[in-house]
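Student: Please show me the structure, and then we can go through its packing, its chain contact and its ligand shell.

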Amino acid sequence: MPKDSGIGASPKRREDARFLTGTGNYTDDINLNGQAYVHFLRSDMAHGKLNGVDTSIAAEMPGVVRIFTGVDFEGVGGIPCGWQVTDRHGEVMQEPAHPVLAQGKVRHVGEAIAAVVAETPDQARNAAEAIELDIEELPAVVDMKAALAEGSTKVHDDLTSNLCYDWGFVEENKGAVDEAFANAAHVTTLELVNNRLVANPMEPRVAVGDFNRATGDSTLYTTSQNPHVIRLLMGAFVLGIPEHKLRVIAPDVGGGFGSKIFHYAEEAFCTFAAKAVNRPVKWTSSRSEAFVSDAHGRDHVTKIELALDAANNFTALRTDTHANMGAYLSTFAPSVPTWLHGTLMAGNYRTPLIYVNVKAVFTNTVPVDAYRGAGRPEATFQLERVIDKAARELGVDPIALRRQNFITEFPYATPVAVEYDTGDYNATMDKLEEIADLAGFAARRAESEAKGKLRGLGVNCYIEACGIAPSNLVGQLGARAGLYESATVRVNATGGLVVMTGSHSHGQGHETSFPQVIAEMIGIDESMVEIVHGDTANTPMGMGTYGSRSLAVGGSAMVRATEKIIAKTKKIAAHLMEAAEADIELKDGQFSVAGTDKSVAWGDVTLAAYVPHNYPLEEIEPGLEETAFYDPANFTYPAGAYACEVEVDPDTGKVSIERFAAADDFGNIVNPMIVDGQVHGGLGQGIGQALLEAAVYNDDGQLLSASFMDYAMPRADDLPFYQVDHSCQTPCTHNPLGVKGCGEAGAIGSPPAVVNAVVDALQSAGKDVTHVDMPLSPSRVWAAMQG
Amino acid sequence: MYNFEFENPSSIAEAVAALAEEEAQALGGGQTLIPTLKQRLAMPSKLVSLAGIAEMKGVSIADGMLTIGGGATHAEVAAEACPPLAALAGQIGDPAVRNRGTIGGSLANNDPAADYPAAMLALKSTIVTNNREIAGDDYFQGLFETALEEGEIITSVRCEIPEGANYQKFVQPASRFALVGVFVAKYADGVRVGVTGASEEGAFRWDEAEVALNSNFSAAALEGLALDAEGMMADIHGSKAYRAHLVGVLTKRAVSAV
Ligand SMILES: Cc1cc2nc3c(=O)[nH]c(=O)nc-3n(C[C@H](O)[C@H](O)[C@H](O)COP(=O)(O)OP(=O)(O)OC[C@H]3O[C@@H](n4cnc5c(N)ncnc54)[C@H](O)[C@@H]3O)c2cc1C
């Protein structure tokens, strides 16, 4: 019997009522008295020397309040980077200055050069068009390998080259890895591209800055996944505002997928300008601006090699990756191709020796940073593709080859610095074979053939690291922030609870799933619990939501705070019932004394805490409010196995996904419906990457796919019905909920399944195709078939 | 969007008069023009809406002739035109686009990836304007270029109803306009093949295919026939060779489906 409340139940998402009826409160819904509007004049050149910005005509245009250029920000800090990577030789990465408005040079199409603040958005835009720019065009640096070649134009003149860092991991293993390759019975090599993506959340970014002249307080309303992080980065590094004078509010946010983690120049601008012009200043991104100013994702070019012994055991893995940073280092950019990628290269397998080399490169393109999965999709894609290729080269079943090499004993310390606490990869593979009906594939292939279509099956595994992560560890790895999470649980006199969480919901459904946990712990109805998030003024310092960390880390903080509440209420109940605290039991919202029929209700105890007439005041304080900060002992390691079946039209190269099955192990599940939804969304994005999406630059650094006319987002009819299962559960061993995180799995695990399936389909027709780079558009697949 | 004046005439004559003003521009369903204005890529002083002109509405079939008002929406064409053209109209954009966008606007715009041009070339069409009739074969003059004069309005379109016809559209994955579209129409006096999306010179008739199909109306007749990739368009969605190849595939499919 499925439960109808608490952990394991699937109540409908309470937040959807307001989202679906147009009563949400998004940042663009916020309009302040006397607000002015900003329009950014952005570079349409990828690389140029900025000789002059003449605002004299523009400044006289109707409605103009003030025009800002780089000069206005000369004394102001730049946009900081939150992670410092140390390279193979012990040197720290090259870190260029990142000005709020361009200074001296423009380095990518879309970089803001000037900002017009005016009475109306149209007036701001009109004036921006009247600004005269004197820019001397420079050759654009676009291709990563060319960027590293001797004599390449430099994106940043003050850096020694376009190389941000040359990272080796684990550097000490390099010799042993090379030796294992020299001794291998078989080596499979694959070169591939992990295509650059634009996140494209439904809600474009918005920022509203406000300054209170009376108190000297600044407020920023922004579309962010982590308002406290923005407060810290912008306050401490850019504008020099201490936390107690700066409030950051991220109200309802319409999707982020990583792109709203980062601190962006527009946020700093609006906060700065509000004080400078003494009026609220609002910016709403257009979709066109979003394409060239939101951080992009992925963009790796990789060569991967897998060494096997004569019995087909994996003996070593070696990779060589170029990772595009774009023109500047976005907040977490350096961590994505390194610690979020290299540490996952073991995958689900017992490969004893691994060496990962990553060269991060500056180019004249939009900065690249974390996008759903961040580093793990790149790791999974190359690993699962090279294993598939190896199986085909060796003529063995790809599933059998994987099973043979699975890690089966836990905890398992990988050669790439992480320790998997639990998992059962054979169980998820068994489940996959069942739900995907792999036994029926041959018959389905025959049916497709009868229709003149090529059918292919692609299977792969994935592992990811979620719930980032122990602060002391990430600190050693270069993070400039902690990665704990926080919660304050406030119980009101009449028994209702408010949880103020440092996590941030922008589509994940926290307002529904977090109360389920508390309802289960206390035995009360979920409707008695309200979740507050997104405002630094009324939530404890938290690190926000990304990396599938909310329930594992934020939920754990909430559990810890609730445990403190329960401990205190038991003391009060013991006092009320004149019993020993150790004998008090809490069940279904009733405190009882073990072995007696004495009981007192949850609401009576909470009332006593606030009306402490009969209360042990000498022992405990009145009131019921507790805060906990939770810093996890390890990452969590969700894992699973995915299967994709495609039909390829041999005449046109068009791929259609006929079936897709996902068997995931997320540990314990709080709300199965929300988990299904998270997996579905992730699969949609992973399939989007595999089949459709690509941010394509030409040699001049112009983004060719800069609108939905050319950037193909997945639509409903591009996607199949999914078979999704998360009944294989090996609970996380180190967080109190035993949960692992489910938000990114779909996007991590699905791209290799799609490509494996297409390669299988083409090979089934005798085509000599071992790889096709994503997106597998009809034209690319057709070209691959032509040989 | 820059500011503009707006007029909403109820007759063709009034519209023509309003359009005589310099920088005035006709507004059909706005599905191309409004996004262009929003991006500030056009700056008309005045928009003259054609949506309120009753004489430009409606779809009718009489004496083997299909007549479509220049202001008829794609949705109306999808509901009321002869089946092959109705099917084409039903594949344009999404319901919102089809409920606003008009055949006159699409033909006036002549986007190289638009669907209607392939059909107009195949269906022995006549483009009727406020002051003349233009044979479909003379109308399309390259990418976004037509025989229309400044201020001229497409008031209706006439097509001869064929014995059989079929449109095959291969969508560009992002825009879902035609990456390539082929309209094959079979008449007693011959076959016509209209192609959109492929050529650098815009929609065209594929003469070689017509000749082959005139002697043998079957997909087999097209075997071995190939368009020269030179002269085809290329972009991130398809090379010249791919487009040339698709024309062949789609033509065969259309013939088989007629
Ligand atoms: C999301 C989306 C998807 C689309 N998908 C497709 C597709 O798959 N296939 C396809 O073919 N098209 C597609 N379109 C374009 C659509 O068909 C437009 O409706 C059409 O191109 C223009 O028609 P309109 O009536 O909207 O014209 P408008 O946008 O109003 O005008 C377009 C141009 O034609 C002029 N004009 C308008 N009416 C007349 C007239 N009667 N006489 C002379 N000039 C006139 C205008 O002055 C303007 O220059 C799509 C559009 C959108 C927004």
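Tutor: Two residues are in contact if their C-beta atoms, placed from the backbone, lie within 7 Å. Helices are DSSP runs of H or I of at least four residues, strands are runs of E of at least two, and both are numbered from the N terminus. This is a predicted model, in which local features need pLDDT of at least 70, side-chain atom pairs count only at pLDDT 80 or more, and totals for chains, interfaces and linings use all residues. Residues are numbered from 1 along each chain as written, and chains are lettered from A and ligands numbered from 1 in the order written.

Student: How many charged residues does the contact of α14(A) with α15(A) have?

Tutor: Residues of α14(A), including F514(A) and V517(A), meet residues of α15(A), including M558(A) and V559(A). Ala, Val, Leu, Ile, Met, Phe, Trp, Tyr, Cys and Pro count as nonpolar, Asp, Glu, Lys and Arg as charged, and the others, Gly among them, as polar. By these classes the contact has nine nonpolar and five polar residues, and the number of charged residues is none.

Student: Which helix gives the most to the side of chain B that touches chain A?

Tutor: The contact takes 15 residues from chain A and 11 residues from chain B. Of the chain B side, three residues come from the helix that gives the most, residues 240-257, which is α10.

Student: Which domains of chain B does the ligand lie between?

Tutor: Domain bounds come from an automatic or database assignment. Both domains give residues to the shell around the ligand, so the ligand lies between domain 1 (5-49) and domain 2 (56-160) of chain B.

Student: Which element gives the largest share of that shell?

Tutor: β2, α5 and α6 of chain B each give two or more residues. The largest share is five residues, from α6(B).
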